[in-house]
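Hi,

Here is the structure I said I'd pass on. Have a look at it first, and then read on for what turned up when I went through it.

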Amino acid sequence: MKLLLSSFSCPGGRTVNQDYCASHILGDFSCFALADGLGGHPDGDTASKAAVEAILARFAHAPGLSPDTLRECLLAGQNSVLEAQKHIDMRTTAVALVIGKKGALWGHVGDSRLYFFRRGAIFMQTEDHSVPQAMVNAGALHSRQIRGHEDRNRLLRSLGKEEDFRPTILSNPHGLREGDAFLLCSDGFWEYVTETEMEIEIAKSDTPEKWLNGMERRILTKAEPEHDNYSAIAVFVQ
């Protein structure tokens, strides 16, 4: 299996970029991680970087494609943020994807998302750990209303909250086919790019770089001058 990868992390209209993303390829396994430091807490940039680097370091130490392995990677991110909190309080979201010969597995905490595309359409996606998503689950809100909701930034889970480590992890690896694609992104990205627009742009793109560039143009067309940081990782399966 061959993977094509592209990523970026941009400050948007802010002076500090609190997003961070990176990847690690080790033999038959690949791990991709993205985090978004919470704006309501200081040093969000430190938190996001600490989480991603710890996730990838734990993966490199013992790569595997199991829920337990991914949980340990996210726990490493949690512990790294807690260690950094000895100096100042901080929080971050996180989303991680592992791909191996037997498929793909992912997990997340907060509202950084993963979208799984098959045949150019969204096949699966993560659910935010947020107040609006809880309202959607309760039938009080439609999912398309999350983007503009006044409580969109109120998260129910994040890394850096002691004794409250509750990631959502796919229970079993999902098999992959040629043409499958993944998008990991922070809320500053998906806030301005709808799911329909993601599908429109992937239909026009033969590389993950072109796909991300097309979606970024949509962000820059819509975003307010002081808009949030935005980051994304795109992976094509060949």
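Predicted model: local features only at pLDDT ≥ 70, side-chain atom pairs only at ≥ 80, totals over all residues.

Is His-227 buried or exposed? Its relative accessibility is 8%, and anything under 20% is called buried, so His-227 counts as buried. Setting aside neighbours within four places in sequence, His-227 is in contact with Pro-11, Gly-12, Gly-13 and Arg-14, and also with Tyr-192 and Ile-219. Gln-85 is another matter: 142 residues separate it from His-227 in sequence, and the C-alpha to C-alpha distance is 27 Å.

Now the whole chain. It has six helices and 10 strands. The radius of gyration is 17 Å, close to the 18 Å that the globule rule gives for 238 residues, so the chain is as compact as a globular protein of that length. If you want a box for it, the C-alpha atoms fill roughly 45 × 40 × 35 Å along the principal axes.

- Of the 238 residues in the chain, 51% are buried.
- Among contacts with a separation of 6 or more, 71% are between residues 24 or more positions apart.
- The accessible surface is about 10900 Å², and carbon and sulfur atoms account for 47% of that.
- There are 25 positive and 32 negative charges, and their mean positions lie 6 Å apart.

You'll find Ser-112 in the loop between strand E5 (103–109) and strand E6 (113–118). Ser-112 has a relative accessible area of 0%, so it is buried. What does the side chain of Ser-112 pair up with? It makes a polar contact of 2.7 Å with the side chain of Thr-93.

Leu-97 belongs to strand E4 (residues 94–100). Leu-97 is buried too, because its relative accessible area is 0%. Not counting residues up to four places away in sequence, Leu-97 touches Ser-30, Cys-31 and Phe-32, then Ala-104, Leu-105 and Trp-106, and finally Leu-114, Phe-182 and Leu-184. Ala-33 is 64 residues from Leu-97 in sequence, yet their C-alpha atoms are 6.5 Å apart.

Cys-21 is in strand E2 (residues 19–26). With a relative accessibility of 16%, Cys-21 falls under the 20% cut-off and therefore counts as buried. Outside the four places on either side in sequence, Cys-21 touches Ser-7, Phe-8, Ser-9, Ala-33, Leu-34, Val-52, Ala-232 and Ile-233. Between Cys-21 and Arg-71 there are 50 residues of sequence separation and 18 Å of space, C-alpha to C-alpha.

How do Ser-158 and Glu-163 compare, buried or exposed? Ser-158 is buried at 9% relative accessibility, whereas Glu-163 is exposed at 78%. Ser-158 touches Leu-38, Gln-78, Arg-91, Thr-92, Val-109 and Asp-164, leaving out residues up to four places away in sequence.

Last, some backbone angles. Most residues other than glycine have a negative phi. Glu-163 has a positive phi of about 60 degrees although it is not a glycine. Arg-119, not a glycine either, has a positive phi of about 55 degrees. Where is Arg-119? It is in the loop between E6 and strand E7 (121–125), and at 76% relative accessibility Arg-119 counts as exposed.

Cheers

Technical notes
Residues numbered from 1 in each chain as written. Heavy atoms only, no water. Helix = DSSP H or I, 4+ residues; strand = E, 2+ residues; numbered from the N terminus. Rg over C-alpha atoms; globule rule 2.2 N^0.38 Å. Buried < 20%, exposed > 50% of the residue type's maximum accessible area, 1.4 Å probe, protein only. Contact = heavy atoms within 4.5 Å. Areas by Shrake-Rupley, 256 points an atom, 1.4 Å probe, with all protein chains shown as cover. Lys, Arg positive; Asp, Glu negative; His and termini not counted. Charge placed at Lys NZ, Arg CZ, Asp CG, Glu CD. Polar contact = N/O pair within 3.5 Å; in protein donor to acceptor, adjacent residues only side chain to side chain.
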